Amino acid sequence: MDKNWPFRDTALGFALAWLVFALGDAAGARLGLTGPPGFYLALLLWGTVLMVYMLLYLNQHHSLGFKVEILGKNPGMNLLIGILAGTILGLLGGLNLLLPEPGLLGIFQSRYILDHFFPQGIFQKVLFLLLFAGFLPVAEELYFRGFVYPSLNKRASIGLAALVSASLSAVMLAGTVSFFYLFLAGLAFSLLYERGDSAESPIAAHVSMNLVLTLIIFIKGGQQ
């Protein structure tokens, strides 16, 4: 399948999603949507714009054979490796929350979400779980690893493609989660994509990472 779409087209989608996110954040603040509701709105807007842009672009260029590779030749093994990698990454961020003195693990900071966006009540918890551990990881991996990464890898080295796609995907939640943590995860997701030449492994890894973080946030938040 041809993946030779220009990087500038994928970057345009990223810029559009960032603009909509910023406008939505400003509008939410004016409407009093702060804390968890504002956070949920930001996640929904960010992921939705990425997905809509990618789907419209691929549909427009369908005749050229442009298509995101979701399933590889060995999906079972790819999913298993993705789940294992994501669980390890999730535990690195989760230990930062569980340990009173995280020490070196402090570079995987994810406490801001616990302190400022901890969901209150069953409805918010379900919404947080669906967005943070479901919708957002799938949207980001389809876009940044299935769409951005191949466009770069056609024109540059694997290392440069991984660095750029990881940097772009880490920007959005940097501040709520350590940029280093998100960047490291992005590199791992790129390598998983490269290994399987498809998106199912990084999707499984990202979902597993965010699911582990979500469960630890729920457990830790309930003890405060």
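Reader: Which residues of helix 6 are buried?
Author: This is a predicted model. In it, the buried residues of helix 6 are A161, A162, S165, A166, L168, S169 and A170.

Reader: And what do those buried residues pack against?
Author: They pack against helix 1, helix 5 (121–153) and helix 7 (179–196).

Reader: What span should helix 6 have, going by its residues?
Author: Helix 6 covers residues 158–171, which is 14 residues, so at 1.5 Å a residue it should span 20 Å. Its end C-alpha atoms are 20 Å apart, which agrees.

Reader: Switching to helix 3. How many residues has it, and what does it reach from first C-alpha to last?
Author: Helix 3 (residues 75–98) has 24 residues and reaches 33 Å, close to the 34 Å expected at 1.5 Å a residue.

Reader: Which residues are buried there, in helix 3?
Author: N78, G82, G86, L89, G90, G93, G94, N96 and L97.

Reader: Now helix 1 and helix 2. At what angle do their axes cross?
Author: At roughly 150 degrees, and the axes come within 9 Å. Helix 1 is residues 7–30 and helix 2 is residues 35–60.

Reader: Are helix 1 and helix 2 roughly parallel or antiparallel, then?
Author: Roughly antiparallel, because angles over 145 degrees count as that.

Reader: Is the crossing left-handed or right-handed?
Author: The crossing of helix 1 and helix 2 is right-handed.

Reader: Which residues make the contact?
Author: From helix 1, they include L12, F14, W18 and F21. From helix 2, L45, W46, Y53 and Y57 are among them.

Reader: What is the contact like by class?
Author: Between helix 1 and helix 2 it has 15 nonpolar, three polar and one charged residues.

Notes. Residues are numbered from 1 along each chain as its sequence is written. This is a predicted model: local features need pLDDT of at least 70, side-chain atom pairs count only at pLDDT 80 or more; totals for chains, interfaces and linings use all residues. Side-chain values use heavy atoms; hydrogens and water are left out. Axes are lines fitted to C-alpha atoms, for helices over the stretch in contact, and angles run from 0 to 180 degrees between N-to-C directions. Helices (H or I, at least four residues) and strands (E, at least two) are DSSP runs, numbered from the N terminus. Angles under 35 degrees count as roughly parallel, over 145 as roughly antiparallel, 65 to 115 as roughly perpendicular and the rest as oblique. A crossing is left-handed if the near helix is turned anticlockwise from the far one by less than a right angle, and right-handed if clockwise. Contact means heavy atoms within 4.5 Å. Ala, Val, Leu, Ile, Met, Phe, Trp, Tyr, Cys and Pro count as nonpolar, Asp, Glu, Lys and Arg as charged, and the others, Gly among them, as polar. The expected span of a helix is 1.5 Å times one less than its number of residues. Buried means under 20% relative accessible area, exposed over 50%, partly exposed in between (1.4 Å probe, protein chains only).
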